[in-house]
Amino acid sequence: MEVVMAFVVGGLYAAAIYMMLRRSIVKLVIGLVLLSNAANLLIFTVAGMKSGAPPLIPPGMTVPDGASADPLAQAVVLTAIVIGFGVLAFAVVLIHRAYEVVKADDMDQMKDTDR
Amino acid sequence: MLYAILSIFLVAAVAPVVHRLTGRASGWVLGLLPAALFVYFLSFLPAVSSGESIVLVWPWMPGLDIQLSFLVDGLSLLFALLVSGIGFFIVTYAGRYLQAHRDLGRFYVIILAFMGSMLGLVLADNLIALFVFWELTSITSYLLIGYNHEDKDARKYALQGLFVTVGGGLALLAGIIMLAMAGGSWELSEILNNGDVVREHALYLPLLLLILLGAFTKSAQVPFHFWLPRAMAAPTPVSAYLHSATMVKAGVYLLARLNPSLGGTDIWFTTLALFGAVTMFTGVFLAFRSTGVKKVLAYSTVMALGTLTMLIGVGTETALLAAMAFLLAHSLYKGALFMVAGILDHEAGAKDFLQTGGLRSALPVTAAFAILAALSLGGVIPLFGFVAKELMLEAVLDAPGLVGILSLFAVLTAILGVAVAAIVGIRPWFGARADTPKTPQHEAPVAMLAGPAVLASLGLIFGLGPGLADQGLINAAAASVQGAPVDGYLALWHGINLPLAISAFSLVAGGLLYWRWEQARRALAWVDRAAEYGPEKGYFKMMDGLVWISEWQTRVLQNGYLRYYVIVTVAMTAGLVGVTAQLFEVSVGTLHFERLQIHEMAIIAILVASMLFAVLTRSRLGAVAALGSLGFTVALVYVLYSAADVGITQVLVETLTVILLVLVLFRLPGFLNLSSSALRVRDAGIALVTGGMITLLILSTLDARLFPSISQYFIEESEPSGYGRNIVNVVLVDFRALDTLGEIFVLALAAIGVYAMLRFRAEDRR
């Protein structure tokens, strides 16, 4: 599964970068969402994907039963998901606000406002 | 000692308050501090003059082996006494001179901070501490030179001084680090006893050159001499202080300090003697050429710095003794003369010698002490300047090499020096009464006369009784420069010998030159034209170049197009990763395509389809729906591969994201197609290359496990130390709790930002 996921993650990165290179501001937002998903999956994939081995400790034991999935990578991804949402919310509101002021959806027109 | 130096910075911090409370008397009140320090330093005199050197240590950063240590020996004590003693007169003088200035409080802060830095510099035993204080003097002197910050020139030349000295400071830092490597210690007191090791070390030449660069820029040696006269943009008390005892002497101090460790080699002798001699002559020549009061004095400081550097380079016992005597003599007369220059400006409004003449009847006391100081500058018997000059000539005539060149420069300098002294000591006071811009109404106030009076008188006292200066301090100072006790002594009368003959000759020749000053200046008018091609031109060219480069790179890099920023970032990342992968021969092993189960195939298919749809669709609703589908599928991946918590979070966040996108994006206009197909192909190319590289990166890491994972620790300790059975949760709230705190901060900031933006809109509408 990791091998296939490597290609999927690469594809997600490509899609995200392509969208971020567009001039339309809405497409930029879509690029951002794709990018944060891609980065999370990248960490998750590299840490190794195991099915049916959650990092939980059964009652009465001090370590998980058998090998478990990497808890650190999961914690990092969990943090990243939440922060990604914060960034996204901020970006979306900022873009909306900028559109209200500048009345332009084209980033090349927004560029000239700080002149 | 530590408290002595700290006290200055503490008083500096409260100086504006003191100034406000004491008003006109603030100069006297704040002057108490340097006066007290002077007395404190005097208490070291008996021990130091008997040849002791005292090291005082405070631990500073014990882990890095950096301590705040101070070294009190003849050299540092001489400097400390000059800095605090002249400092007292400067502070009281400034209190009167700048009385009407609205920023006098700020002035006290900077000048006291400068004084503290200078004292720290001359007393530091640790090289790092020395460097820190060295840079502090550069920064505080920048603030002092640019004190009249509304004046464009003051700002410009303050910056020039800063650039030259701090540029040299960078070289010095590198040199100091190498010195510590070569000498095996950060403590001067140890390095100075390790001279042979340092001199034979492979790093000796580079470290010597770097340290010399630092010292030469600070002490305004040719070709860096241009910043010093420009620093005259400072208020006069500052010039008096910077020139007499501090700032520019720091470079000389460093050379003298390191002489036992670095000196004695051919390159040390040749470099210092030649640069010093050339600087000495250039300084006195330009002083003779100038007519501005402060400018003449500034160039004569350049002359003095050159003389000191040359003498340290010559390095014989006589030369070192001469250097220390000359240092003291120069500090005394130069401090006095600059303060007199301030009086001329303050009382008569005269800033140029050509505006002055016959002022002795209006300012009799000032004139008397100015003449006394000028006699010392000219090296006339029986002033202390004469004692120092005789020794200097004797040292040059006995130099271990280059006797011809050095003597020639020394004799020329002596002649011109007499002429310069005459300009300072005769021109303003005698002859016909000139129309000064302001007619002096009264003699200068006591606070402004005290400095010139005491300093000039000391020049006479030490001249008549050189033993007073000698046995106390000069001998001990020369001994610490030499690194061994010094047998020589100072004397007013050495009998009739060659130096005396040269002195007499220079008096006559210099007098003649002064008599023909007008004609000589006219004949030398070409110097001004030549100076336009001097080192200062190079400095301005370099600064223009810097500005040009930064404007160019700002235009190129900060172009305002997001997509170019993204391209640069992405291309740099891809390029660096690619090169690194090549260098370390990273390779992708054989790929194991396991047989995918049916639900896995479905997940992959949905991911790819959603992704493609999000990119290709022209409908906003379609794109948001595709993102939702993608996000929930990713959640499914997390859940399937043992990350239930992550999956739950992803579902929650994804729901919120879709709602947010639907709410906001639909207030924006529809998609635009703004790029040509060629551009789209280019962007797709960039995107695919980067994506492909990410894929390769993941594939190459799949088989590689360079280090054991730290996760094992979390797995083992979760229950025993964290008391939790869900390891991910324990990691989040316990092992990596600070990360989670940071995450909460980010969210809070984002929320505040969102709220602020919505709030602004509400206010706009109202």
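A pocket is an open set of grid points with protein on both sides within 12 Å along at least five of seven lines. Keep in mind that the model is predicted.

Q: What makes the space of about 860 Å³ a pocket, and which residues lie closest to its centre?
A: A pocket is an open set of points, whereas a cavity is one that the probe cannot get out of. The space of about 860 Å³ is the largest pocket. Its lining has 29 residues, and R230(B), K295(B), Y299(B), A531(B) and E536(B) are the closest to the centre. Among the elements that give two or more residues to this lining are α7, α14 and α25 of chain B.

Q: What makes up the lining of the second largest pocket, and which chains does it draw on?
A: The second largest pocket has a volume of about 620 Å³. Of its 26 lining residues, the closest to the centre are A47(A) and D70(A) from chain A, with R705(B), S709(B) and S711(B) from chain B. The elements that give two or more residues are α3 of chain A and α31 of chain B, so both chains line this pocket. By class, the lining holds 15 nonpolar, seven polar and four charged residues.

Q: Why is the pair D683(B) and R22(A) called a salt bridge?
A: The rule asks for a side-chain nitrogen of Lys or Arg within 4 Å of a carboxyl oxygen of Asp or Glu. The N to O distance between the side chains of D683(B) and R22(A) is 2.8 Å, so the pair meets the rule. The rule finds one salt bridge across the interface of chain B and chain A.

Q: How many residue pairs are in polar contact between the chains, and which elements of chain B take part in the interface?
A: There are twelve residue pairs in polar contact between chain B and chain A, with both residues at pLDDT 80 or more. Elements giving two or more residues to the side of chain B that touches chain A include α26, α29 and α33. The largest share, 15 residues, comes from α30(B).

Q: What is the size of the interface between chain B and chain A?
A: The size of an interface is often given as the accessible area lost when the parts come together. Chain B and chain A bury about 8200 Å² between them, 77% of it on carbon and sulfur atoms. Y641(B), R725(B) and M757(B) supply 8% of the area that chain B buries against chain A, more than any other three residues. The contact takes 97 residues from chain B and 86 from chain A.

Q: Why is the lining of the second largest cavity called nonpolar?
A: This cavity has a volume of about 50 Å³. Its lining includes V293(B), L297(B), F353(B), P428(B) and W429(B). Val, Leu, Phe, Pro and Trp count as nonpolar, and the lining as a whole has eleven nonpolar, no polar and no charged residues. The lining is therefore nonpolar by this rule. α16(B) gives the most to it, with four residues.

Note on methods. Residues are numbered from 1 along each chain as its sequence is written. Chains are lettered from A and ligands numbered from 1 in the order in which they are written. This is a predicted model: local features need pLDDT of at least 70, side-chain atom pairs count only at pLDDT 80 or more; totals for chains, interfaces and linings use all residues. Side-chain values use heavy atoms; hydrogens and water are left out. On a 1 Å grid over the protein atoms alone, a cavity is a set of points where a 1.4 Å probe fits but cannot get out, and a pocket is an open set with protein on both sides within 12 Å along at least five of seven lines; lining residues have an atom within 4 Å of a point. Grid points are joined across faces, edges and corners, and a volume is the space filled by probe spheres set on the points. Contact means heavy atoms within 4.5 Å. Buried area is the accessible area (1.4 Å probe) that two parts lose on being put together, summed over both. A polar contact is a pair of N or O atoms within 3.5 Å; within protein, one must be able to donate a hydrogen and the other to accept it, and residues adjacent in sequence count only if both atoms are side-chain atoms.
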